[in-house]
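Hi everyone, thanks for making time this morning. I'd like to walk you through one structure, so please have a look at the screen.

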Amino acid sequence: MNRRRVREHIFTLLFQKEFAQPDEEQERIDLYFEQHSHIKEHDKKYILDELQGISEHLEPIDQLISSYSKGWKIERMSKVDLAIFRLAIYEMYYRDDIPKSVAINEAIELAKKYSSDEAPGFINGVLGKISSSVEAVAYEE
């Protein structure tokens, strides 16, 4: 499975997480993989590793989103856009093998496919500011 399709599965699971109770998370993930039984084991492992990494770094990721999405509190933000931001920022700052420009472009593509007409520009603007920010560099460590 190509990286873009794997990224869509990660995005979908992140989005679904917003509507589930924490104690239901494993059951929700298991059900997702049952419904998508075509996902190969190595892709499943990659998806689960990415979800774990995002969960482990959720607080600093959300701090970046809050700091750079002026006028938009995370609680008011579209759950679709929030999942896209979380995935992109994780890839930008916690994955050495994914260039920031690729993470941003993939986030824009997800927004075009799954969010509102205004979302790609909004996501591009916020991620662009984060990417070029000196303050955000601290998250790379």
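Which helices do the buried residues of α4 pack against? Before I answer, a word on what we are looking at. This is a predicted model, where local features need pLDDT of at least 70, side-chain atom pairs count only at pLDDT 80 or more, and totals for chains, interfaces and linings use all residues. Residues are numbered from 1 along each chain as its sequence is written, and side-chain values use heavy atoms, with hydrogens and water left out.

Now the answer: the partners are α3 (41-56), α5 (79-94) and α7 (119-132). The α4 helix itself covers residues 58-68, and its buried residues are P60, I61, D62, L64, I65 and Y68. Buried here means under 20% relative accessible area, with a 1.4 Å probe and protein chains only. As a reminder, an α-helix has 3.6 residues a turn, so residues three or four places apart point the same way.

Let's zoom out. The protein has seven helices and zero strands, where helices are DSSP runs of H or I of at least four residues, and strands are E runs of at least two. Its radius of gyration, taken over C-alpha atoms, is 15 Å, close to the 14 Å from the globule rule for 141 residues, so the protein is as compact as a globular protein of that length. That rule is 2.2 Å times the number of residues to the power 0.38. The C-alpha trace spans about 40 × 30 × 30 Å along its principal axes. Finally, 44% of the 141 residues count as buried. Thanks, all!

Conventions: Buried means under 20% relative accessible area, exposed over 50%, partly exposed in between (1.4 Å probe, protein chains only). Contact means heavy atoms within 4.5 Å.
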